[in-house]
Amino acid sequence: MELLEAIKNRRSIRKYKDKQISREDLEKIIEAGTYASNAGGGQRSMIVGIRNAELVEKLGRMNMAKFDRSKLIGSYVSKEQPSVIDDPTIKSGFYGAPALCIVFAQKNFMFGIPDAFCCAETMLMEAYDLGISSCIVSRAEETFDNEIGAALLNEWGVPENYIARCFVTLGYCDGEYPKSKPRKENRSKIIE
């Protein structure tokens with residue numbers, strides 16, 4: 001698959017079939033994340049993969065628990081693949097995905113957030129290449145900022161100096177795969 005075509009065709013999916021991805025595919029997606037660009041080649045990000053749909057749903061509800069709609073800019077996402085921004089009745093920030101990756105970064109590291117999102121984007125591209133749908137979801141810090149979240153991090157062996165920065169939902173698209181939105185003009189320039 002040509003990389004630019006994959007980049008152009010991959011979409012964020014927010015409607016998933018009730019079908020689990022394979023452990024082998026999850027391992028490949030996580031492996032791709034470990035090769036993502038990162039500050040100084042420090043490899044500071046940590047990834048936790050989850051193939052337990054019930055746990056993913058629980059975490060998705062925790063992800064929405066502190067969602068503050070007053071901070072939305074008011075953008076509309078999609079009719080075909082609605083976001084929590086579009087539909088206030090959505091109760092899980094993970095949209096019914098059966099699998100999930102959580103990307104952690106060191107607390108107080110200047111480049112922890114960019115590292116985590118580079119890791120997530122790399123995982124999205126590997127998932128797409130494997131025929132698996134995905135979406136990056138934020139609000140990671142808030143998801144674990146409670147007793148239940150802290151207990152899970154402890155159970156999973158996440159070091160205390162790490163913080164969740166983002167999620168990657170994984171599964172198979174329920175319904176027609178969305179087409180690309182037209183590109184907005186005047187978003188790039190080349191200066192010589």
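Mentor: Buried here means under 20% relative accessible area, exposed means over 50%, and partly exposed lies in between. Keep in mind throughout that this is a predicted model.

Trainee: OK, which residues of H2 are buried?

Mentor: In H2, the buried residues are Asp 25, Leu 26, Ile 29, Ala 32 and Gly 33. They sit on the same side of H2, because they cover an arc of only 120° around the axis. An α-helix has 3.6 residues a turn, so residues three or four places apart point the same way.

Trainee: And what's on the other side of H2?

Mentor: Arg 23 and Glu 24 are found there, and both are exposed.

Trainee: What covers the buried residues of H2?

Mentor: The cover includes strand S1 (46-50), strand S2 (99-106), helix H4 (112-129) and strand S4 (162-171).

Trainee: How far does H2 reach from its first C-alpha to its last?

Mentor: Helix H2, which has 12 residues (23-34), reaches 17 Å, and that is close to the 16 Å expected at 1.5 Å a residue.

Trainee: Switching to rings: how many aromatic pairs does a search of the whole structure find?

Mentor: The search finds 6 aromatic pairs. One of them joins Phe 109 and Phe 111, whose ring centres are 5.9 Å apart and whose planes stand at 75°, so this pair is edge-to-face. Phe 109 counts as partly exposed at 21% relative accessibility, and Phe 111 is also partly exposed, with a relative accessible area of 40%.

Trainee: What about Phe 144 and Phe 167?

Mentor: Those two form a tilted pair, with 6.1 Å from centre to centre and 35° between the planes. The pair links distant parts of the chain, since Phe 144 lies in the loop between helix H5 (140-143) and helix H6 (147-156), while Phe 167 lies in strand S4, 23 residues apart.

Trainee: Are they buried or exposed?

Mentor: Phe 144 counts as buried at 7% relative accessibility, and Phe 167 counts as buried at 0%. Both belong to one aromatic cluster, together with Phe 94, Phe 104 and Trp 156.

Trainee: Why is S4 described as largely enclosed?

Mentor: Because 9 of the 10 residues of S4 are buried, the strand is largely enclosed by the rest of the structure.

Trainee: Which strands does S4 pair with?

Mentor: S2 and S4 pair in the antiparallel sense over 8 bridges, with Val 168 in S4 as the bridge partner of Cys 101. Strand S3 (residues 133-137) also runs antiparallel to S4, joined to it by 5 bridges, and there Ser 134 has Leu 170 of S4 as its bridge partner.

Technical notes. Residues numbered from 1 in each chain as written. Predicted model: local features only at pLDDT ≥ 70, side-chain atom pairs only at ≥ 80, totals over all residues. Heavy atoms only, no water. Helix = DSSP H or I, 4+ residues; strand = E, 2+ residues; numbered from the N terminus. Expected span 1.5 Å × (residues − 1). Buried < 20%, exposed > 50% of the residue type's maximum accessible area, 1.4 Å probe, protein only. Arc of directions from axis to C-beta. Contact = heavy atoms within 4.5 Å. Phe/Tyr/Trp six-rings, centres within 6.5 Å; stacked < 30°, edge-to-face > 60°. Pairing = 2+ DSSP bridges.
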